Amino acid sequence: GSPELPTAVNITWSSINFKTILQWQPKPSGYFYTVEIHGQTSDTKKKCILTTETECDVTDVLRNVKETYTAHILSVMSSGMDNFEEPPFAVSEKFTPYSQTVLGKPEIQNYTQKGSKLNVVFQDPLTPYTFPNGSFQSIRDIFQHDLEYKLYYWKDQSSGKKDATTKSHKFEVSVDSTKNYCFYIQGIIPSRRENRNGQESMVLCTSIGRNILDEYGAEVFIIIAVIAIAVITLAIVLSVILCKRKKAKAAREKEPLNGV
């Protein structure tokens, strides 16, 4: 008989906002891979049939996001699919999209700092799944009340963070009206044991018209003041010296010449 083909190793699931990629090794030489997705209650589905790649986008066969799946990665010859013998295969770890996909970065749409209130409006990350009308479902459409967001905020140029939680699309928090603030947002699934915290949004900062003292600190102003006083003092001293020299010169010119 023909020698048994190598089977896949290092099989991993990579999933963000329910877009799920299966990856494995090694690169095949002289054979192909075919992926089978097995659900606990759903029919087996084939993906990436006779591929020479070592990754496969399996998003569309994981639509039942609360189902638990395993992947069988078959090693086959091109004619092997017609053979009645079962090809050698490797089995992945179990994967449940609802509890294991990573929450992506929220998108901050608008933010304002008026008086002592910081307001931040943001948008849920979208998933690859669509409604019947073709619009994309957001992670909120899938997680619903399981999803919440945290706002982390702090005074600009300070390290002390505060946080606030919401289940809506906006935050309103009390701040020092004289200071600028920086912040970011993160999605959270409190019911999860693992992967509770999502990816952090970009960090943004308000700008309420910093005064120069906040920007550069008092030390710079002390140095500038000392230099200014020194320059003024030097100017006064030079003026006095020049004035005295002029007066002395004028006095000498008025004295009568001595006879020879």
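Predicted model: local features only at pLDDT ≥ 70, side-chain atom pairs only at ≥ 80, totals over all residues.

Biologist: What makes Cys48 and Cys56 a disulfide?

Modeller: The cut-off is a pair of cysteine sulfur atoms within 2.5 Å. In Cys48 and Cys56 the sulfur atoms are 2.0 Å apart, so the pair passes. The angle about the S-S bond is 95 degrees, and that link is right-handed.

Biologist: And how do you know that Cys182 and Cys205 form a disulfide?

Modeller: Same test: their sulfur atoms sit 1.9 Å apart, and the limit is 2.5 Å. The torsion about the S-S bond of Cys182 and Cys205 is about 105 degrees, so this disulfide is right-handed. Cys182 belongs to strand β15 (residues 181-188) and Cys205 to strand β17 (residues 204-205), so the pair ties together parts that are 23 residues apart in sequence.

Biologist: What pattern do the disulfides of the protein chain follow?

Modeller: Counting bonded cysteines along the chain, the pattern is 1-2, 3-4.

Biologist: Where do Cys182 and Cys205 fall, buried or exposed or in between?

Modeller: Cys182 comes out at 4% relative accessibility and therefore counts as buried. Cys205 is at 33%, so the label there is partly exposed.

Biologist: On to the strands. What is the order of the four strands in the open sheet?

Modeller: The order is β4-β3-β6-β7, with antiparallel pairing. β4 (45-51) and β7 (89-91) each have a single partner strand, so they stand at the edges, with one side of each left without a neighbour in the sheet. Neighbouring strands are turned by 15 degrees against each other on average, direction ignored.

Biologist: What makes β6 and β7 a pair?

Modeller: Pairing needs at least two bridges. Strand β6 (residues 69-76) and β7 have three bridges, in the antiparallel sense, so they qualify. Among the residues involved, His72 has Val91 in β7 as its bridge partner.

Conventions:
Residues numbered from 1 in each chain as written. Heavy atoms only, no water. Helix = DSSP H or I, 4+ residues; strand = E, 2+ residues; numbered from the N terminus. Axes fitted to C-alpha atoms, helices over the stretch in contact; angles between N-to-C directions. Buried < 20%, exposed > 50% of the residue type's maximum accessible area, 1.4 Å probe, protein only.
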